[in-house]
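Thanks for making the time this morning.

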Amino acid sequence: MEDGNHSDTSDTTVSDSTDTGKAFTNQGSLEKNFDCKVCGKTFVNSSNLRIHRNLHTGEKPFECEICGKSFNQRNHLAVHKRSHTGERPFRCEICGKSVVNSNSLKSHKRIHTGEKPYHCEMCGKSFNERSNLVKHINIHTGAKVHRCEVCGKSFMNSSNLKTHEKLHTGEKPYHCEICGKSFIQKSHLVLHNRSSHTGEKPYHCDICGKSFVIYSYLTNHKRIHKGKVQFQCETCGKSFTTNSQLVTHVQTHTGEKSYFCEICKKSFIQKCQLILHKRTHSGEKPYDCDVCGKSFSVNLYLKAHKRRHTGEKPFHCEICGKSFFDNSHLVSHKRVHTGEKPFHCEICGKSFFNNSHLISHKRVHTGEKPSHCDICGKYFYSSSNLARHKLLHMGKKEFRCEICGKTYVNNSDLKRHKRRHEGDKTFHCEICGKSFFDNSNLIVHVRTHTGERPYHCEICEKTFICKSDVNKHKRTHSKGKPLECEA
């Protein structure tokens, strides 16, 4: 019951305690005589009961005069106003980070202490915030009570629903002050600033020293050290450190591709893949190298490119010790040792170590040469071949053999040349045992056994085992000789 004679001032309630969801008093022995007639919850004073009633009625009497947003408690409005003023009066003495209220500071400090006081009674998992525990419990119950009125999709909590609704409205309220890019979520803006502008990685692994831009990345990384691989695919048995990685992986088995390009109708498993794909249509390359000015569609490509300026090759093959600028090149290289060639041409059956080589190879069948030299007009199957060709125009032969002094336009040609000095014939034919200085010569040689002749003359349809032979042959047509070729 509600008693008007009780004094509200006798109870020193800490109202800024939304993380725990409880009101703490310095008079713990006081009776809770104020009952909510809707849910039965009891309170020590009438003011707390009035605030609680607003949850049932939906009443939000405290309105922000700047943006019009309403709140059911005055202190919530006060904290909200700091998002407009930028005021962050609570500072962590460990790392210096500032936050808008005392509860956020308490939660933040638990990152440093490792304290996780909120425990799930179903699985025993612990959390540093009560709100995270509430979200987690919904995973067990399967409750998705928050429904989007536009598309009908349901969510476990209201914050995820609010974020989702912005996809329909197109609202992106968080703007980068440096480049002007906008984001739906504040966390996405923070991640963007650290990844693209500041390079800040404030979360450090105390085991190996590796740093990360957000705390969840650090948490996932630590599972590798602890050997905790909690999420396992029921189809193939592969394990993952996060559930999101498992969900993405499972789609490779189901073939589900939920994200579609409205321009070419191509579909993708992940939204980020669709975003990157759309840049192939728009030509957008938002990541610029501050050394040479070259632009990239993906920040990861920019990072790998910058290593070419610094010479850093952090990815090492444990078999032969060779180093690479990025991990994808290391993965492809390892297949040289294992012999794995997972990318197959459906036209001729030829297999390749990586997908880019397959794409270039397919152009041999289609005749497509999309890479064009703006100096001499010559066309090439791949951009890498064009890049090597352009060095011939520039006259740049920066790679010199220290034995004979001969120079080359790229390092791979120099390495191939050096094998001739060393007598190193590392590429062996498995059919007849003959050895070669480089792999390209071995490939051509193997065709003498298989009978494969992938290069053909468009004029007379004669076929050849290597490109140089078909080029020589074409000159017989251009010099006015008869179209019927000699056998």
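Predicted model: local features only at pLDDT ≥ 70, side-chain atom pairs only at ≥ 80, totals over all residues.

Before I come to charges, a word on counting: Lys and Arg count as positive and Asp and Glu as negative, while His and the chain ends are not counted, and the place of a charge is taken as NZ of Lys, CZ of Arg, CG of Asp or CD of Glu. With that convention, the protein has 81 positive and 48 negative side chains, and the centres of the two sets lie 6 Å apart.

Residues are numbered from 1 along each chain as its sequence is written, and side-chain values use heavy atoms, with hydrogens and water left out.

Let me take the overall form next. The secondary structure comes to 16 helices and 32 strands, where helices (H or I, at least four residues) and strands (E, at least two) are DSSP runs numbered from the N terminus. The radius of gyration is 32 Å, well over the 23 Å that the globule rule gives for 487 residues, so the protein is more spread out than a compact globule; the radius is taken over C-alpha atoms, and the rule is 2.2 Å times the number of residues to the power 0.38. Along its principal axes, the C-alpha trace spans about 115 × 45 × 45 Å.

How much of the protein counts as buried? Of its 487 residues, 26% do, with buried meaning under 20% relative accessible area, exposed over 50%, and partly exposed in between (1.4 Å probe, protein chains only). The protein exposes about 32,200 Å², of which carbon and sulfur atoms supply 51%; these areas come from the Shrake-Rupley method with a 1.4 Å probe, and for residues only the protein chains shown count as cover. As for contacts, meaning heavy atoms within 4.5 Å, residues 24 or more positions apart account for 10% of those with a separation of 6 or more.

Now to the interior. A nonpolar core is here a set of buried Ala, Val, Leu, Ile, Met, Phe, Trp, Tyr and Cys residues joined through side-chain atoms within 4.5 Å, and the largest one has six residues, namely Val364, Tyr381, Tyr455, Cys457, Phe464 and Val470. If we leave aside neighbours within four places in sequence, Cys457 is in contact with Lys462, Val470, His473 and His477.

Glu461 sits in the loop between strand E31 (455–456) and strand E32 (463–464), and has a positive phi of about 70° although it is not a glycine. At 51% relative accessibility, Glu461 counts as exposed. Lys265 likewise is not a glycine and has a positive phi of about 70°; it is found in the loop between strand E17 (259–260) and strand E18 (267–268), and its relative accessible area of 61% makes it exposed.

Which residues does His305 contact? His305, in helix H10 (residues 299–310), is buried at 11% relative accessible area, and its partners are Cys289, Cys292, Lys294 and Phe296. Ser297 lies in the loop between strand E20 (295–296) and H10; it is partly exposed at 21% and touches Leu276, Arg279, Glu284, Lys285, Pro286 and Tyr287. Ser332, in helix H11 (residues 327–338), counts as buried at 15% relative accessibility and touches Phe353 and Asn354. Lys135, in helix H4 (residues 130–141), counts as partly exposed at 33%, and touches Met156, Asn157 and Ser159.

Finally, a few C-alpha separations. Ser332 and Arg363 are 31 residues apart along the chain and separated by 21 Å, while Lys135 and Gln232, 97 residues apart in sequence, are 22 Å apart in space. For Ser297 and Asp469, 172 residues apart, the separation is 38 Å. Phe43, a buried residue at 11% relative accessibility in strand E2 (residues 42–43), lies 136 residues from Cys179 along the chain, and their C-alpha atoms are separated by 50 Å.
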